Amino acid sequence: MVKHQAKAKLFLFCILTVWQLPAWAQVKPVIEYTVSVPQPATHKYHVELRTAGWNQDTVTFKMPKWMPGYYQIMDYAKSVENIFVRDEKGKDLPFQKVNDNTLRISGIRNKSLILSYDVMTARQFVANSYVDSEHAYIIPAGTFFYIDGFLHLPLNVEIVTTPWNNIATGLEPVTGKPNQFTAPDFDILYDCPILIGNLEELPPFKVNGIEHRFIGYKPGMFDRKDFIDKLKRITEAAVAVIGDIPYNQYTYIAIGPGRGGIEHLNNTTVSFDGSSLSNPDAMNRMMNFLAHEYFHHYNVKRIRPFELGPFDYEKGSRTNLLWVSEGLSVYYEYLIVRRAGLADERTLLSNLEGNINSYENNPGRFHQSLAQASYNTWKDGPFGTQGEERDKAISYYDKGPIAGMLLDFAIRHTTQNEKSLDDVMRLLYWKYYKAKSRGFTDAEFQQTCEEVAGTSLTQIFEYVYTTRELDYTKYLSFAGLKMEELPNTDVDKKQTRKFTLSRIENPDALQKSILKSWQGEK
Ligand SMILES: [Zn+2]
């Protein structure tokens with residue numbers, strides 16, 4: 001009885017409290033950013049954050065230390081300078097710099113303030129902002145302070161008219177307000193880089209009725225029609241794996257020559273130089289690269305490890321499963337380009353041979369498992385440790401696609417080629433992303449694979465969690481393939497071992513059908 005009385009009193013108290021709140025307290029804080037590039041030649045850009053409507057006295061502003069998709073601490077706040085905080089009348093307000101990436105401002109209850117600063121840029125790279133006299137590439141994680149504890153709030157971004165004509169970004173435009181964009185929360189904001197310049201847009205194409213765009217800065221000389229035709233085919237082949245398109249529009253944003261690309265929910269930012277594409281090998285590498293970044297909108301942005309969302313912008317988000325997010329995206333980039341009809345079987349096998357030769361020549365394979373390589377990427381870097389510890393680590397970009405291939409062949413073999421890794425990816429998409437709106441744990445990933453296979457896959461998962469040597473012969477034979485080591489005479493001076501993949505002689509009906517449907521042939 002006592003308990004009940006206490007509850008009733010508390011309930012009444014809550015009703016009265018809400019009823020008595022003043023009107024301003026129920027208004028959500030307003031967060032508006034303005035980005036301008038007043039002097040591009042200085043490699044700097046200027047940011048203003050206007051915020052109001054806070055019903056607390058002190059607010060803590062933080063700059064992320066990394067951006068999702070690039071699993072390294074970047075310490076973006078180091079590039080921020082000339083910080084000022086002013087009230088609506090332009091009067092300077094005091095603020096406390098708590099540490100490298102944290103500012104604390106007090107006395108802001110029911111007031112508005114403007115936090116302004118410059119961001120210096122130095123290096124042209126896909127995970128860094130970069131400004132020069134011809135363009136600006138803005139990485140939101142290195143540009144916009146978030147408000148600690150309020151990552152869920154909506155916000156607006158205005159790009160002040162610059163010397164240039166165009167803006168490319170995955171952010172949602174505000175209707176009727178040119179150069180203004182909106183994001184429902186900071187995760188979406190940080191997922192949408194902004195490219196500003198005199199950009200070229202190639203003719204858009206539709207897949208399942210949904211528009212796909214390609215916009216580039218200095219895209220170079222190449223056959224645009226042929227390129228867009230190929231890009232459409234790989235987009236279609238990637239969509240065919242999952243069968244659902246979860247965005248309203250997708251944009252390939254080409255940021256100019258350089259290295260690397262980063263995936264996002266409705267766009268990807270990619271280094272791009274079209275001038276090399278007349279070389280067939282370069283075109284094949286470019287299609288693999290674009291297929292990889294595109295497939296990531298499923299695999300890592302939506303089909304994702306439990307730990308990769310919501311993100312910890314301060315410490316980084318560690319997971320054992322980057323071999324799934326990255327390694328299987330490498331595996332699928334090869335398959336997508338093959339299934340799109342842009343590569344033959346030999347090219348597909350050569351791509352996989354590249355990963356096998358790299359992995360089998362790395363002494364790190366006896367020291368580090370795939371899961372450990374995933375977890376340690378923040379320390380080791382995505383391609384394994386460099387320097388003295390170089391021989392103690394592996395890259396999930398090499399062992400990941402190999403494990404993916406063995407897993408795929410195991411599922412196809414045990415199900416008489418009725419099911420494949422594609423079914424695993426679809427099940428993860430529908431079960432965890434669509435139905436549960438969350439990522440999967442290590443155990444849930446294995447369970448999903450075993451559910452599709454209809455049997456235990458213990459040996460394959462030993463290849464993930466231990467350094468046990470891979471039984472290529474067994475799993476490749478499921479698809480009518482074999483691996484051979486070239487004799488020493490063919491080996492280069494570095495004493496590396498070299499392996500090749502090829503078809504076995506006299507495959508049976510199941511082996512034949514697996515090899516065909518794996519490559520997308522009927
Ligand atoms: Zn990737």
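This report covers a sheet, a zinc site and a helix in a predicted model.

## The open sheet

Four of the strands make up an open sheet, and their order across it is β5-β6-β3-β10. The pairing in this sheet is antiparallel. The two edge strands are β5, residues 96-99, and β10, residues 146-147. Each of these edge strands pairs on one side only.

Strand β5 is joined to β6, which covers residues 102-105, by 3 bridges. The two strands run antiparallel. Asn99 has Thr102 in β6 as its bridge partner.

## The zinc site

Which protein residues are donors of the zinc ion? They are His292 and His296, each through NE2, and Glu326 through OE. The donors lie 2.0 to 2.1 Å from the zinc ion. Along the chain they follow the spacing H-x3-H-x29-E.

The pair His296 and Glu326 links distant parts of the chain, being 30 residues apart. His296 is in the loop between α4 (280-295) and α5 (322-339), while Glu326 is in helix α5 itself. Are His296 and Glu326 buried or exposed? Both residues are buried.

## Helix α6

Helix α6 runs over residues 345-360, which is 16 residues. The expected span is 1.5 Å times one less than the number of residues, so this helix should span 22 Å. Its end C-alpha atoms are 22 Å apart, in agreement with that value.

Several residues of α6 are buried, including Glu345, Leu348, Leu349, Leu352 and Ile356. Asn351, Asn355, Tyr359 and Glu360 are also among the buried residues of this helix.

Technical notes:
Residues numbered from 1 in each chain as written. Predicted model: local features only at pLDDT ≥ 70, side-chain atom pairs only at ≥ 80, totals over all residues. Heavy atoms only, no water. Pairing = 2+ DSSP bridges. Donors = N, O, S within 2.8 Å, 3.2 Å for Na, K, Ca; no water. Buried < 20%, exposed > 50% of the residue type's maximum accessible area, 1.4 Å probe, protein only.
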